[in-house]
Amino acid sequence: FVHWGLYSQLGRHEWAMNRERIPVAEYEPLADSWKPKERPAREWAKLAKQAGMKYMVMTTKHHEGFCLWDSQQTPYNAVNRGPGRDLVAEYVDACHEFGLKVGFYYSLMDWHHPDGKRCCFEPDARKRFLDFTKGCVRELCTQYGKLDVLWYDVSWPLKSPEMWDSVTMNAMARELQPDLIINNRSQLDEDFGTPEEHVTAEAAGRDWEACMTFNGSWGYMPSAVDWHPVREVIGMLRTAAAGQGNLLLNIGPKGDGSVPEEAYERLEP
């Protein structure tokens with residue numbers, strides 16, 4: 001799992017915009033100051049391959065609403081703003097180079113979009129926001145070749161899969177990507193469960209994948225000192241394997257894309 005976005009520059013948790021009540025107008029300039037180093041995804045993919053991982057999942061858009069790809073749905077994206085390039089394309093290239101399957105995380109919740117909250121109580125706003133959401137999913141499913149995993153997150157503020165039109169959205173994704181597997185966070189069970197920060201087997205016969213942090217923060221946060229020791233990380237993997245599940249272990253790269261040294265200490269052979 002790779003959590004990387006504008007928040008990585010702050011180093012104060014990926015929910016900094018929400019936790020610190022930073023207004024959109026004050027947060028937006030992070031989109032122009034973000035200048036990642038050249039192709040950092042190669043570093044992530046190489047480390048993942050060395051550690052024995054089979055696939056990666058990257059945050060194409062986190063709750064902050066900034067798209068890491070060349071989106072036509074919003075100018076608030078990595079090509080139009082500071083990075084000046086398609087960071088999702090670089091990530092996909094790195095996955096292919098190191099033989100890893102490709103997963104895209106996409107946050108349904110959006111703190112930046114003007115209809116991200118209004119969609120809950122204004123029908124016209126909901127239609128606009130769903131058009132935006134489906135447009136983003138369509139782009140992710142058409143612009144990068146074969147996609148293996150679509151990993152939704154946080155279906156706030158709409159309270160049912162009918163309000164999200166999840167059946168139609170996921171059917172569209174599968175039509176575009178016939179071999180795609182989808183997680184359970186669009187308020188539908190779909191292909192696999194996602195226990196978070198605990199490695200616990202789902203119901204019998206249900207595929208599952210535990211998503212885990214190293215230190216309680218998904219995004220880069222240098223002040224986090226309670227990193228899980230190697231023995232605990234191996235314990236997570238053992239428990240997941242014994243329960244016939246997968247382990248999606250997260251790194252939060254720094255703003256420039258570098259992997260924290262503490263992650264190397266726990267992942268390198």
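Modeller: Note at the outset that this is a predicted model.

Colleague: Which residues lie closest to the centre of the largest pocket?

Modeller: The lining has 18 residues, and A51, G52, M53, L237 and L247 are the closest to the centre.

Colleague: Which elements give two or more residues to that lining?

Modeller: They are helix α10 (230–242), strand β6 (246–249) and helix α11 (261–267). The largest share comes from α10, with 6 residues.

Colleague: How do the lining residues divide by class?

Modeller: There are 13 nonpolar residues in the lining of the largest pocket, with 3 polar and 2 charged.

Colleague: Now the helix pair. At what angle do α7 and α9 pack?

Modeller: Helix α7 (residues 123–142) packs on helix α9 (residues 166–176) at about 15 degrees, and their axes are 9 Å apart. Angles under 35 degrees count as roughly parallel, so α7 is roughly parallel to α9.

Colleague: Is the crossing of α7 and α9 left-handed or right-handed?

Modeller: The crossing is right-handed.

Colleague: Which residues meet where α7 contacts α9?

Modeller: From α7 come T133, K134, V137, R138, C141 and T142. On the α9 side they meet T168, M169, M172, A173 and L176. Sorted by class, this contact has 6 nonpolar, 3 polar and 2 charged residues.

Methods
Residues numbered from 1 in each chain as written. Predicted model: local features only at pLDDT ≥ 70, side-chain atom pairs only at ≥ 80, totals over all residues. Heavy atoms only, no water. Axes fitted to C-alpha atoms, helices over the stretch in contact; angles between N-to-C directions. Helix = DSSP H or I, 4+ residues; strand = E, 2+ residues; numbered from the N terminus. Parallel < 35°, antiparallel > 145°, perpendicular 65-115°, else oblique. Left-handed = near helix turned anticlockwise from the far one by under 90°. Contact = heavy atoms within 4.5 Å. Nonpolar A, V, L, I, M, F, W, Y, C, P; charged D, E, K, R; others polar. 1 Å grid on protein atoms, 1.4 Å probe; cavity = no way out; pocket = protein on both sides within 12 Å on 5 of 7 lines; lining within 4 Å.
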